[in-house]
Amino acid sequence: MVLYNLPFIAAGLLMAFGIAAMLLRRNLIKMIMGLSLVEAGVNLLLVSLGYRAGGIAPIFTNAPRDLMVMPTVQAMTLTNIVIGIATTALLLSFVMVIYRRYGSAEADVVRRLRG
Amino acid sequence: MIVPSLLLQHAPALLLAVPMLGAFATPLLGRLGSGIRNAWAVLAMLCTLLIAVVLATEVLATGTIVYAFGAAAPHLSVPLDSGGIPIRIIFTVDAMSAFMALFASIVGFAVLLYSLKSQSRNSGQDGYYALLLLLTVGILGMVCTGDLFNFFVFLEINSLAGAALVAYRVDKGVAVEAGLKYAVLSTLGGLLVLFAIALLYGQYDALNIAMIASRMQFTLLDKVALVMLVVALAMKAGAVPMHFWTPDAYSMAPSAVTAFLVVASQASLYGIFRVVFSLYGLALDCLTVGWVLIILGVLSMFVGVTMAIPQKDVKRLMAYHAVSQTGYMLLGVGVGVAVLGNQDLLTAYGRIAMEGGIFHIINHAMYKGLLFLTAGAIFYRTGTRNLNKLGGLGHSMKWTMVFFMIGALAIAGIPPFNGFASKLMIYESVFLFNPLLSIIAMVVSILTLASFVKVFHSIFMGPKLPEYADVREVPAPMLIGMGILALFVILFGIFPQQVVDLLITPAAAALIDQGGYIASILGGA
């Protein structure tokens with residue numbers, strides 16, 4: 001039972017680590033790494049949802065109908081990976097601009113907006 | 001029929017395809033010259049607006065439109081050989097979606113006209129127009145889709161385009177800081193939404209909202225999913241206590257963008273309503289969920305307005321007012337949710353409260369958009385947003401002053417402007433539900449009025465200041481952009497009943513009627 005649920009536990013742990021990193025780390029790059037960990041956790045959850053014991057890759061022409069793993073969640077994961085790349089790229093470029101202007105990427109320094 | 005039937009048939013797809021094509025072609029056309037690019041962006045937005053009008057007319061005349069992408073015929077949501085399960089991405093455009101799409105494209109068009117002049121001095125305009133059109137795609141997609149995963153994808157398009165636009169005017173890095181904050185929070189919110197979708201998919205093997213709704217069991221996992229969806233979307237909508245990004249993002253973005261970000265936030269608000277009414281519906285513990293929305297609403301109203309009063313930056317002040325006004329919508333619709341299970345109370349005041357909340361969405365988009373645009377006009381001419389430095393502009397910027405007055409009176413709920421119409425509906429119906437809530441709402445309105453009287457006084461009144469001696473009125477495209485919104489503010493204020501009958505009542509009815517929503521996809525009743 002524990003073995004069967006292992007992917008779900010791992011997904012939850014990944015997300016928890018990611019959120020903890022976002023809250024506890026003061027460096028903007030590390031916060032973005034935390035965000036990527038959360039994303040990896042969600043992706044792992046999605047893929048594990050579609051798994052079935054003994055299933056094979058869902059290629060419709062070759063696979064016997066009843067033995068495939070679920071293809072929908074894999075498509076969703078793929079989409080989320082692509083979205084994640086775009087988000088991470090945008091966030092990192094923001095950090096680059098901030099570093100250039102402020103001379104630092106520490107969250108304690110990057111605090112000109114207040115009130 | 002004037003509208004070709006092919007256009008009519010594919011209107012839901014075109015509503016997204018046109019601005020998306022517009023967005024991706026904009027940087028290419030930008031190589032030919034800025035005039036051609038601007039004309040192209042205006043054309044794309046105008047076509048989107050026309051399609052939204054056609055779609056809304058059709059939905060209001062014939063009822064919910066279903067559009068299955070890639071099906072033999074667009075209305076075939078459930079293919080014959082699928083065993084009664086809707087496959088493919090399906091758009092479900094009911095009266096509520098049509099209403100949101102309609103006003104989002106009106107504001108989008110006004111904002112685009114305004115941008116032609118207000119952004120003309122900035123670099124990187126190719127990207128600006130492309131992102132503005134992409135943000136339109138995100139908003140329209142969120143309100144039209146009937147598929148949960150598709151909703152997530154459009155939510156991400158909305159967040160990314162919005163964050164990039166917030167950071168657009170780098171402004172010594174401060175705008176980028178606001179953009180970073182917005183992007184990190186929206187992405188985390190988006191991932192929470194996806195996590196909730198995964199929980200739902202794991203249980204019900206479906207992504208279609210109607211399909212999940214018809215199988216809804218309201219297990220523990222569903223409750224977890226509900227909490228995640230509401231928290232993430234309330235954060236994107238800028239409700240207290242997850243509002244901290246709003247003043248930063250709203251004040252640092254170019255004013256035209258801020259006016260449109262208000263609509264983007266309301267698309268998330270729509271997401272909450274869609275989840276609560278159509279996805280969960282009567283399976284919910286309506287009273288609890290209703291009260292959660294009401295408390296979120298009251299907190300937003302009160303905290304927003306009290307934070308707004310001491311602000312010195314005019315756009316930051318308006319941003320806190322935006323948080324406060326979001327509270328009214330949550331309050332109105334929350335009362336509707338709280339009495340959802342009880343038919344008598346729903347007829348007595350629940351429907352009116354919901355209609356008030358939904359009416360306030362469109363009114364808020366109009367007058368708050370107008371106010372942000374006037375703030376942008378003032379910044380365009382004076383280069384400052386600091387209330388202590390501004391003064392005496394009433395002598396030189398008469399039109400801007402008039403537009404500001406219209407917006408300020410509307411947000412404070414003074415007749416005959418549109419804010420009064422929707423607030424009155426909320427006051428009356430909420431008073432029947434719980435008098436205390438209604439009184440809080442009125443007090444917040446009075447504080448709003450006080451705050452805007454102060455702003456009006458410090459910007460426009462007083463003698464002409466020497467440093468603003470050569471300030472002139474803003475150029476015509478900016479005035480036209482503001483004028484469109486001001487016109488709607490006045491029209492909706494003078495003829496509220498007609499607007500409510502035409503747009504709002506069908507939208508509220510569509511939200512309440514979960515059975516109808518499910519039947520439009522799955523067929524039968």
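Helices (H or I, at least four residues) and strands (E, at least two) are taken here as DSSP runs, numbered from the N terminus. Colleagues, the model before you is predicted; local features need pLDDT of at least 70 and side-chain atom pairs count only at pLDDT 80 or more, whereas totals for chains, interfaces and linings use all residues. Residues are numbered from 1 along each chain as its sequence is written, chains are lettered from A and ligands numbered from 1 in the order in which they are written, and side-chain values use heavy atoms, with hydrogens and water left out.

I begin with chain A. Three helices and zero strands make up its elements, in the order α-α-α from the N terminus. Its radius of gyration, taken over C-alpha atoms, is 19 Å, well over the 13 Å that the globule rule (2.2 Å times the number of residues to the power 0.38) gives for 115 residues, so chain A is more spread out than a compact globule. The C-alpha trace spans about 60 × 30 × 20 Å along its principal axes. Of the 115 residues, 36% are buried, where buried means under 20% relative accessible area, exposed over 50% and partly exposed in between, with a 1.4 Å probe and protein chains only.

I turn now to chain B and its loops. Which non-glycine residues have a positive phi? Asp205(B) is one of them, at about 55°, and lies in the loop between helix H7 (174–204) and helix H8 (209–215). Phe218(B) is another, with phi near 55°; the loop between H8 and H9 of chain B holds this residue, and its relative accessibility of 18% makes Phe218(B) buried. Most residues other than glycine have a negative phi, and most peptide bonds are trans.

Two cis peptide bonds deserve mention. One joins Val240(B) and Pro241(B), with omega about 5°; Pro241(B) sits in the loop between helix H9 (220–237) and helix H10 (245–252). Another joins Pro415(B) and Pro416(B), also with omega about 5°, and Pro416(B) belongs to the loop between helix H15 (398–411) and helix H16 (418–433).

Finally, two helices of chain B. Is H5(B) mostly covered or mostly uncovered? Mostly covered: 17 of its 20 residues are buried. In helix H17 (residues 435–460) we find Ser451(B), buried at a relative accessible area of 3%. Leaving aside residues up to four places away in sequence, Ser451(B) touches Ile309(B), Leu317(B) and His321(B), a contact being heavy atoms within 4.5 Å.
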